[in-house]
Amino acid sequence: MEANSNTIISLQHVCKQFDGTVVVDDFNLDVKQGEFITILGPSGCGKTTTLRMIAGFELPSSGKILLNGEDISLLPPYKRPVNTVFQHYALFPHLDVYDNVAFGLKLKKIPYQVTDKNGNVVTKYKKLTAREIDAKVSRALQIVDLDEMESRDVSTLSGGQQQRVAIARAIVNEPQVLLLDEPLSALDHKMRKDMQIELKDMHKKLGITFIYVTHDQEEALTMSDRIIIMKDGIIQQIGTPEDIYNEPVNAFVADFIGESNIYNGTMAGKMKVRFLGAVWDCIDDFPSNEKVDIVIRPEDVILGEKGKGKVNGIITSRIFQGVHYEFIVNIGKFEVACRDTKDHPLGGEVSLDVEKENIQIMHKEYGENEYDAVITSNGEILIGEDAFPCDLTKLVPGSVLDEKGYVYDPKNKKKYDFSNAEVEATIPLDKITISDDLSSGHAQGSIVSLVWKGDHYQYLIRTDDEEDFIVDSDYSWNEGDLVAVDALPEDIGLRLKKDLDGYVAE
Ligand SMILES: Nc1ncnc2c1ncn2[C@@H]1O[C@H](COP(=O)(O)OP(=O)(O)OP(=O)(O)O)[C@@H](O)[C@H]1O
Ligand SMILES: [Mg+2]
């Protein structure tokens, strides 16, 4: 990636591992001068780690970070023209507002160059004068709107005011880039809303680049020029708030960035797609029969009289929200969340329709679970460090197991020994079972993420040795739950990586 001239910060193939676990994976991003860019994602997805690498508190395991085209990957934090406002900031409780903001400046040594009597240029350091400090502190306090409170004890300030002191302390150093790690997370809802507007205002007044981290999607949508959606250390999508809301690239992004209906669908001809038991016109041209994910925003569902729309359903939930009503309409076993300014009775029959432009179609993120696996000496399959019973006769069509456990092919009368054979194993998403009885399955892991797909949940379950199981299930579990997973031998597909002839037993 060639950074262009108005790029201030460029992250190129940045990876970070802690103790062998990858927490940021191949992160690529060009931040433009003056941009307000937000990293958005669930807890633990690597947001703070990414920010800490930009600030210099953490070094990338691989990859480069450029500032104005120069590699700063190895530069210590204090040499980077970058300041951070932390999630948990700490003010000096015994100092007033002014001194909290001035603190860093009083210690700061400014390099300057002089020519000595021998004609050599040497670098010397001087401290800022009281007058210089005063000018800088006054400007910073003005920007955060605290210029009237200079001499207030910080312990007498409200949460929002303290947060502004923390921001003033960061901008007083005149950084080129301000990093903000969930700076509003400690504030109540109303204060948060006010501070969002003020931060946007400060960004405009300062004219510098903001890199903002949050797990609040609404905050990201209202404040940012561009949003980066991260999941599990990996960038899912980068785009303007409108792009991300209207054209999410996958079900995770759609689900994370606002309420949406997500369904499994199948392409049913040119610009036609089948879901919710009907065939709908759409504007995406995917190959026929391709399995796809469908996303429909609740505000895009058109409620009407029974028989007047595409499909009919029954209202099973009705909540008045002030400006509009929120309904759940059941179409068979599927739930559709919708909104209308008009009221409809609970239990009533209605029709639903959706304009074709509002049917968002996405390639499926997961088709099947696929693993590079090994057959053990007792005929089980090892996925990561977990052994599952499997059906080895799947490796040789028409074969049977003989009494010693060898796979026997009656057609050519050959016996096969698959101990240590490398195979590709596949398990369909709906063939893995989840249980809270940890002794019951052949592997266990915790639920990393989940998405509701209209009539079932899709879970990502990760084991200790970093194997992932994607599971479609009717049952409800929570993020973080530790569960057992299992699959039946007949549901585990097997394919040899090497030639069958290499496994003939004598
Ligand atoms: N110093 C460290 N040593 C080991 N693991 C770490 C370290 N710092 C972070 N991690 C792990 O890296 C992953 C990403 O952490 P990070 O703090 O970047 O997440 P985050 O997206 O900021 O989450 P949150 O929204 O909860 O603040 C987590 O699994 C975390 O436990
Ligand atoms: Mg964090």
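Hi everyone, let's start with one residue: Asp-26 counts as partly exposed, because 15 other C-beta atoms lie within 10 Å. For the cut-offs, buried takes 20 or more other C-beta atoms within 10 Å of a residue's own, exposed takes 12 or fewer, partly exposed is in between, and the C-beta atoms are placed from the backbone. Asp-26 sits in strand β2, residues 21-32, and has a positive phi of about 50 degrees although it is not a glycine.

Some housekeeping. What you see is a predicted model, where local features need pLDDT of at least 70 and side-chain atom pairs count only at pLDDT 80 or more, while totals for chains, interfaces and linings use all residues. Residues are numbered from 1 along each chain as its sequence is written, and chains are lettered from A and ligands numbered from 1 in the order in which they are written.

Where is Glu-174 placed? It is in the loop between α4 and β9. Glu-174 counts as exposed, because it has 12 C-beta neighbours inside 10 Å.

Now the overall picture. The protein has eight helices and 35 strands; these are DSSP runs, H or I of at least four residues for helices and E of at least two for strands, numbered from the N terminus. Its C-alpha atoms fill a box of roughly 95 × 70 × 45 Å along the principal axes. Of its 506 residues, 31% count as buried. Taking contacts between residues at least 6 apart in sequence, 64% join residues at least 24 apart. Contact here means C-beta atoms, placed from the backbone, within 7 Å.

On to domains, whose bounds come from an automatic or database domain assignment. That assignment gives domain 1 (1-81 + 175-246), domain 2 (92-161), domain 3 (258-363) and domain 4 (385-503). The centres of domain 1 and domain 2 are 26 Å apart, taken over C-alpha atoms. Between these two, nine residues of domain 1 are in contact with five residues of domain 2. What classes make up the domain 1 side? It has six nonpolar, no polar and three charged residues. By class, Ala, Val, Leu, Ile, Met, Phe, Trp, Tyr, Cys and Pro are nonpolar, Asp, Glu, Lys and Arg are charged, and the others, Gly among them, are polar.

Next, the cores. A nonpolar core is a set of buried Ala, Val, Leu, Ile, Met, Phe, Trp, Tyr and Cys residues joined through C-beta atoms within 7 Å. In the largest one, with 85 residues, Val-101, Ala-168, Leu-178, Ile-211 and Ile-228 touch the most other members. Helix α4, residues 159-171, gives the most to this core, with six residues. There is also a second, separate core of 30 residues, including Ile-383 and Tyr-459.

Let me stay with α4 for a moment. Its 13 residues reach 19 Å from first C-alpha to last, close to the 18 Å expected at 1.5 Å a residue; that expected span is 1.5 Å times one less than the number of residues. Among its buried residues are Val-165, Ala-168 and Ile-171. The buried residues of α4 pack against β6 (82-85), α2 (97-107), α3 (130-143), β9 (177-181) and α5 (189-206).

What about α2? Val-97, Tyr-98, Asn-100, Val-101 and Ala-102 are buried there, and the buried residues of α2 pack against α3 and α4. Setting aside residues up to four places away, Val-101 touches Val-137, Ala-140, Leu-141, Val-165, Ala-168, Arg-169 and Val-172. Ala-102 counts as buried because it has 24 C-beta neighbours inside 10 Å. With neighbours within four places left aside, Ala-102 is in contact with Ile-133 and Val-137.

Over in strand β1, residues 7-18, we find Ile-9. Buried or exposed, and why? Ile-9 is buried, because 25 other C-beta atoms lie within 10 Å. Beyond four places in sequence, it is in contact with Val-31, Ile-54, Leu-67 and Val-177.

Last stop, the ligand. The residues around ligand 1 include Phe-18, Gly-46, Lys-47, Thr-48 and His-215; a residue is near the molecule if its C-beta atom, placed from the backbone, lies within 6 Å of it. Helix α1, residues 47-55, gives the largest share of that shell, three residues. By class, the shell has three nonpolar, seven polar and one charged residues.
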